[in-house]
Amino acid sequence: MEKFEHGGKVYDAAGKIGDWLDFSANINPLGLSEKVRAALIENLAGVVNYPDPAAAELKNAICSRYKVRPENLVLLNGAAEFFYLYLNVTRPRKVLIPVPSFSEYEQAARAANSNVEYFYLRAEENFALDVEKIPAADCIIIGRPNNPTGTLPTLAEIERLSEKSCVLIDESFIDFLSLESARGIVSEKISVVQSLTKIFAIPGLRLGFAVAAEKLARRLNLAKDVWNVNFLAQKAGVAALSDEEYLQATRSWLSAEREFFVARLKSLAGVEVSGGAANFVLIRLERAQEVLEELRRRKILVRNCANFAGLGEKFLRVAVRSRAENLRLIENLEAIL
């Protein structure tokens, strides 16, 4: 498979969405919040206008919910945009990536002509991040929780890392958890990026934001496309951030469903489950590639981890979905194994 290939490949050769049960993309299975759906319908006619370049309404909603100062905020066309923007503006000579992790970090670093080095995390240590062993670099990129391992570096560990490197923290899945964000420790050496597309099930709209030191945020905002967040994404974001009931339902679902799902996966012969706390699970099995292909024949997609540095062909990542969908995956895995 391609080195920088992602999950969510639900399109056929003609670009049409196929009839897949998709466990390869980590999107909230509760689907669109009713507030977001209503906002999209209500504002559809507004696409004849340019988006607000200041995105004032969305900016106010983000600052209010996440207790962020507007001068520290960078609005994004999905969290992935930030890796390219940040690295092209700051131009670090050496980027260190603890792996396994999201491949977009490396792709963005190479696009900025940075030298990329890996720091390999160990499966037998549950991919824990030992900050004392990590060497210095111009920039270190880590996920919190990390994709695909689900590990959670502490705020104290991040601050220790920032003593020897600038640190870019990817908190794209943090809204699924009741966890203190690294936004509260942002400094000249610590920046945080967050996706809004996964938690609110709007990956097709592309929406995220970053929090950085004021001077850096100003540089980043000057470097990006002024209309990078489209009209409907702005309206959907405002509606989504007002939907506290949806967020509470999401966390309640994940707390119960992940525990059930992990227990059932562990009961399968030959399946090893890695720890973590996110809305996805990393599993290891000897016949991973064979299982992946057989699931695909059954119209079920899981994430092939063969292109994650530090993993290889015996690992798969599966999203936590609804109870009925999770049972369907378990039943098919039982039949295949």
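This is a predicted model: local features need pLDDT of at least 70, side-chain atom pairs count only at pLDDT 80 or more; totals for chains, interfaces and linings use all residues.
Residues are numbered from 1 along each chain as its sequence is written, and side-chain values use heavy atoms, with hydrogens and water left out.

**The sheet**

- Seven strands make an open, mixed sheet in the order 2-8-7-6-5-3-4; strands (E, at least two residues) and helices (H or I, at least four) are DSSP runs numbered from the N terminus, and two strands pair if DSSP finds at least two bridges between them.
- Strand 2 (73-76) and strand 4 (115-120) are the edges, each pairing on one side only.
- On average, neighbouring strands are turned by 20° against each other, direction ignored.
- Strand 6 (residues 166-170) runs parallel to strand 7 (residues 190-195), joined by four bridges; Leu168 has Ser191 of strand 7 as its bridge partner.

**Helices on the sheet**

- Helix 2 (residues 56-66) lies across strands 2, 7 and 8 (208-211), at about 120° to strand 2; axes are lines fitted to C-alpha atoms, for helices over the stretch in contact, and angles run from 0 to 180 degrees between N-to-C directions.
- Helix 4 (residues 104-111) lies across strands 3 (94-99), 4, 5 (139-143) and 6, running at about 155° to strand 4.

**Helix 3 with helix 6**

- The axes of helix 3 (residues 80-90) and helix 6 (residues 214-223) come within 10 Å and cross at roughly 110°.
- That makes the two helices roughly perpendicular (65 to 115 degrees).
- Their contact (heavy atoms within 4.5 Å) includes Phe82 and Tyr86 of helix 3 and Leu216 and Arg219 of helix 6.

Methods. Angles under 35 degrees count as roughly parallel, over 145 as roughly antiparallel, 65 to 115 as roughly perpendicular and the rest as oblique.
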